[in-house]
Amino acid sequence: MSNSPTPAIRFNQVSRYFGDVKAVDQVNLEVRDGEFFSMLGPSGSGKTTCLRMIAGFDRPTSGQIFLYGQDVSSLPPYERDVNTVFQDYALFPHMNVADNIAYGLMVKKVNKSERMRRADEMLELVRLTGFGKRKPSQLSGGQRQRVALARALVNHPKVLLLDEPLGALDLKLRQQMQVELKSIQQRVGITFIFVTHDQEEALTMSDRIAVFNEGKISQVGTPAEIYERPASPFVAGFVGTSNLIGGEVAKRLTGSDKMFSIRPEKIHLGNVNSQPEAGMVSLDGAVRDVVYLGLFTRYLVETEGGIDLMVVEQNLKTTSMDVLSVKGQKVRLFWHKDHINPVGG
Amino acid sequence: MRSNSFGPKASWGLKLAALGGLLFLHVPILIIFLYTLTPDETTYTFPLPGITFKWFGIALQREDLWRALTLSLKVAAVATIAALILGTLAAAAVYRSNFFGREAISFLLILPIALPGIVTGIALRTALGGFDIPFSFWTIVIGHATFCVVVVYNNVLARFRRMQGSQIEASMDLGANSFQTFRYVIFPNIATALLAGGMLAFALSFDEVIVTTFTAGQDTTLPIWIFSQLTRPRDRPVTNVVAMFVMLITFVPIFLAQRLSAQSSDTEGETK
């Protein structure tokens, strides 16, 4: 990571207000050279506004945006070495696929034969060789997606922005494109900034993730950091599923009444007579609901403090066919102290 | 081939009704064609007492006719060009930005086509008189432009609304400046709308009578010339000849426009 000291993108106290609405509120951010960086958050959290400000479609109300050290805050989109893959692809319907891809080269007055050569190169990169003469309307959603990617990459931008590009694809295609995007990113070595509201997508593809909430960044970290050590109740709840425990129960278990989070898969279900091993804590409760999901089973356990905890256990044992019978039974929950994650607040 | 995909075959009754409707619309036009050949000067007798082509020769030699025709073509051309430019700009402004008074401007633009021509005509005449502007070629053009702009504006605005807005951003993102974006992305998207709007504007201007009578002064456009011919029964066959040529001339652009817009709607139909 230290091969380039200059970050690809740096936000310095960037804000964007729409009237009274603080879409982006004093955000500081660094995206490293060559990384796959995701901006994750619910709709209206400011992630797309940040992306649009990097692209130049929108300008910060205050603060600066640096692209490899250069202040680009007030440059128009066509003077920034940044390209975008749009959510709706935004292909030009009147041009064929090759002309769409070569558009960036055409407006830069690259000659025709060179343009077509590089368009072919890009078509090969996105595995659409031979599709150059087709019109966008003759392509499937997944193919249009690839053309949009090829068109954005043909100029070799310093940073590629992707605005929820997989949102319109069906699940299977989306998972396939996730793998492919990642591999293309590694091949071309360009910094990717990927906006999504899908936490699974962000966890799968990213080197690092910034979690956005209400115009601010809640946490920046690797997928594992974000998942295992969420810094706030919001992150704990938005990325994966979390149980939040505070108050009296927290005090008895950790010695402090500060809120902590514990992931459902870290909790073990035992019978009421079993004793915790060293380093484990325990909490008694009754199983209120059982959902059998094939690969694993989800239990909802009502514990002594009146707190409902979600517990997930893999169906490893032969007795997993009987999981439904534990409904209503008293159980003792165990988890390792290391998995307790204080979330502040 | 295409009709097969549209439900069951039409009944005989419907076919007859359609045929009747088409005949009702087009037989009067054929009558005009027919009576360009009559040797009668003033009356329409049927069957024709004979066949003659002399009216074509007479029409060709009528100086006033040629003057009216050229004037009409010039006015229609200039009014159409003005409408294309102003209508496109207005549509772009109303589509792209959300400024104070946007709805009002949109309404005011559409108003002239809804207003009776006589009102527009009187209003223009009063205004021209008030500012002491002499009647000329340009006052006719201004009068026609009031309703020609609307036609282009409506067509282009509808096209803008159907166009994916992110295309413009995509173009700028890929390095195109505003001019290149217009030339390579916006213009191709609205070209057929401009063509359709332009032709309609041209046609509206070419046969306009009411507003023109208020703004033309001594000049005579073709429709006014034809109109005034009604008071001279002896020239009736000449008027028929002129009417026929006007129809033949307008047939070409209408036919082309249909072909063009049919092509573009085919490709649009293929998406999704």
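Which helix gives the most to the lining of the second largest pocket? I began with this question, keeping in mind that I was looking at a predicted model.

**Entry: the pocket**

I looked up the second largest pocket and noted a volume of about 410 Å³. Its lining is made by 18 residues, and those closest to the centre are B:Ala203, B:Phe206, B:Asp207, B:Val246 and B:Thr250. When I asked which helices take part, I found that α8 (178–206), α10 (222–229) and α11 (236–270) of chain B each supply at least two residues of this lining. The answer to my opening question is α11(B), which gives the most, with 6 residues.

I read that, in soluble globular proteins, nonpolar side chains tend to be buried together. I then went to the largest nonpolar core, which has 66 residues, and noted that A:Phe11, A:Met39, A:Tyr103 and A:Ile193 touch the most other members. The element that gives the most to this core is helix α6 (residues 137–162) of chain B, with 11 residues. I also recorded another core lying apart from it, of 36 residues, which includes A:Leu123, A:Leu139, A:Phe192 and A:Phe194.

**Entry: helix α1 of chain A**

Is this helix enclosed or open? I noted that 7 of the 9 residues of α1 (residues 47–55) of chain A are buried, so the helix is largely enclosed by the rest of the structure. The buried residues are A:Lys47, A:Thr49, A:Cys50, A:Leu51, A:Met53, A:Ile54 and A:Ala55. After α1(A) comes A:Gly56, and I wrote down that its phi is positive, near 105°.

**Entry: a sheet in chain A**

I traced an open sheet of 5 strands in chain A, with the order β13-β17-β14-β15-β16 and antiparallel pairing. At the edges stand β13 (268–270) and β16 (308–314), each with a single partner strand, so one side of each is left without a neighbour in the sheet. From one strand to the next, the twist averages 45°.

One pair I picked out is A:Glu302, whose bridge partner in β16(A) is A:Asp308. Finally, I found helix α9 (residues 247–254) of chain A lying across β14 (280–292) and β17 (330–336) of that chain, running at about 130° to β14(A).

How values were computed. Residues are numbered from 1 along each chain as its sequence is written. Chains are lettered from A and ligands numbered from 1 in the order in which they are written. This is a predicted model: local features need pLDDT of at least 70, side-chain atom pairs count only at pLDDT 80 or more; totals for chains, interfaces and linings use all residues. Side-chain values use heavy atoms; hydrogens and water are left out. Buried means under 20% relative accessible area, exposed over 50%, partly exposed in between (1.4 Å probe, protein chains only). Helices (H or I, at least four residues) and strands (E, at least two) are DSSP runs, numbered from the N terminus. A nonpolar core is a set of buried Ala, Val, Leu, Ile, Met, Phe, Trp, Tyr and Cys residues joined through side-chain atoms within 4.5 Å. Two strands pair if DSSP finds at least two bridges between them. Axes are lines fitted to C-alpha atoms, for helices over the stretch in contact, and angles run from 0 to 180 degrees between N-to-C directions. Contact means heavy atoms within 4.5 Å. On a 1 Å grid over the protein atoms alone, a cavity is a set of points where a 1.4 Å probe fits but cannot get out, and a pocket is an open set with protein on both sides within 12 Å along at least five of seven lines; lining residues have an atom within 4 Å of a point. Grid points are joined across faces, edges and corners, and a volume is the space filled by probe spheres set on the points.
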